[in-house]
Amino acid sequence: MIHAEGVAEVTDATFGGEVLGAELPVLVEFTADWCGPCRQLAPVLSAIAAEETGRIKIVQIDVDANPDITSRYAVLSMPTLMVFRSGEPVKSMVGARPKRRLLQELEDVLEKV
């Protein structure tokens with residue numbers, strides 16, 4: 001899996017506790033080793049994770065190694081970015097995007113601090 005620095009990895013086994021049970025909104029990147037756009041997105045996610053600590057939690061899940069969660073949320077394209085709040089998906093985006101655009105799309109879900 002293409003690992004974004006400062007971004008935790010979750011699995012089928014840890015998804016419930018790390019994502020559904022989280023206090024903050026959680027941005028989940030569904031990713032895979034073979035995904036070119038995922039490589040472009042990794043530094044963007046690392047930067048946002050560092051800058052927005054305490055407002056949003058960012059995690060990655062490898063779709064090839066974690067088919068249960070991938071199919072539960074009907075993820076078909078990589079990268080898929082899904083935002084969860086209080087255990088429910090509230091936003092879904094497909095494809096890589098620049099940091100500024102991603103932050104604009106996340107404005108409504110970032111915790112007010």
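Predicted model: local features only at pLDDT ≥ 70, side-chain atom pairs only at ≥ 80, totals over all residues.
**Entry 1: Thr70**

I started with Thr70 and found it in helix 3, residues 67–72. Helices here are DSSP runs of H or I with at least four residues, strands are runs of E with at least two, and both are numbered from the N terminus. Residues are numbered from 1 along each chain as its sequence is written, and side-chain values use heavy atoms, with hydrogens and water left out.

Is Thr70 buried or exposed? Thr70 counts as buried, because its relative accessibility is 9%. (Buried means under 20% relative accessible area, exposed means over 50%, and partly exposed is in between, using a 1.4 Å probe and protein chains only.)

Next I checked what Thr70 touches. Skipping residues up to four places away in sequence, I got Phe30, Val63 and Val75. Contact means heavy atoms within 4.5 Å. The Thr70 side chain also reaches the backbone oxygen of Asn66, at 2.9 Å. That is a polar contact: a pair of N or O atoms within 3.5 Å, where within protein one must be able to donate a hydrogen and the other to accept it, and residues adjacent in sequence count only if both atoms are side-chain atoms.

I moved on to the loop between helix 3 and strand 4, where Pro79 sits. The peptide bond from Met78 to Pro79 is cis, with omega near -5°. Ala74 is in the loop between helix 3 and strand 4 too. Ala74 isn't a glycine, yet its phi is positive, about 55°. Ala74 counts as exposed because its relative accessible area is 57%.

I then looked at Ser86, in the loop between strand 4 and strand 5. Ser86 also has a positive phi of about 55° without being a glycine. With a relative accessible area of 65%, Ser86 is exposed.

**Entry 2: the sheet**

In what order do the strands of the open sheet run? I read 1-3-2-4-5 for the 5 strands, with mixed pairing. Two strands pair if DSSP finds at least two bridges between them. Strand 1 (8–10) and strand 5 (88–94) are at the edges with a single partner strand each, so one side of each has no neighbour in the sheet. On average, neighbouring strands are turned by 30° against each other, direction ignored. For angles, axes are lines fitted to C-alpha atoms, for helices over the stretch in contact, and angles run from 0 to 180 degrees between N-to-C directions.

I zoomed in on strand 2 and strand 4, which pair in the antiparallel sense over 5 bridges. Val28 stands opposite Met82 in strand 4. Beyond four places in sequence, Val28 touches Phe15, Val19, Val59, Ile61, Thr80, Leu81, Met82 and Phe84.

Then I checked the helices against the sheet. Helix 2 lies across strands 2, 3 and 4, at about 160° to strand 2. Helix 4 lies across strands 2, 4 and 5, at about 150° to strand 5.

**Entry 3: the core**

Which residues touch the most other members of the largest nonpolar core? They are Phe15, Leu27, Val28, Phe30 and Leu106, out of 39 residues. (A nonpolar core is a set of buried Ala, Val, Leu, Ile, Met, Phe, Trp, Tyr and Cys residues joined through side-chain atoms within 4.5 Å.) Elements that each supply at least two residues of this core include helix 1 (15–20), strand 2 (26–31), helix 2 (36–51) and helix 4 (99–106). Helix 2 gives the most, 7 residues.

Which residues of helix 4 are buried? I noted Leu102, Leu103, Glu105 and Leu106. Looking down the axis of helix 4, the buried residues fall within an arc of 160°, so they line one face of the helix. The arc is that of the directions from the helix axis to the C-beta atoms. The cover over these residues includes strand 2, helix 2, strand 4 and strand 5. Arg100, in contrast, is exposed at 67% relative accessibility, though it is in helix 4.

Last stop was Arg97, in the loop between strand 5 and helix 4. Arg97 is buried, with a relative accessible area of 8%. The side chains of Arg97 and Glu105 are joined by a polar contact of 2.7 Å. A polar atom of the Arg97 side chain also lies 3.3 Å from the backbone oxygen of Val94. Beyond four places in sequence, Arg97 is in contact with Leu41, Val44, Leu81, Leu102 and Glu105.
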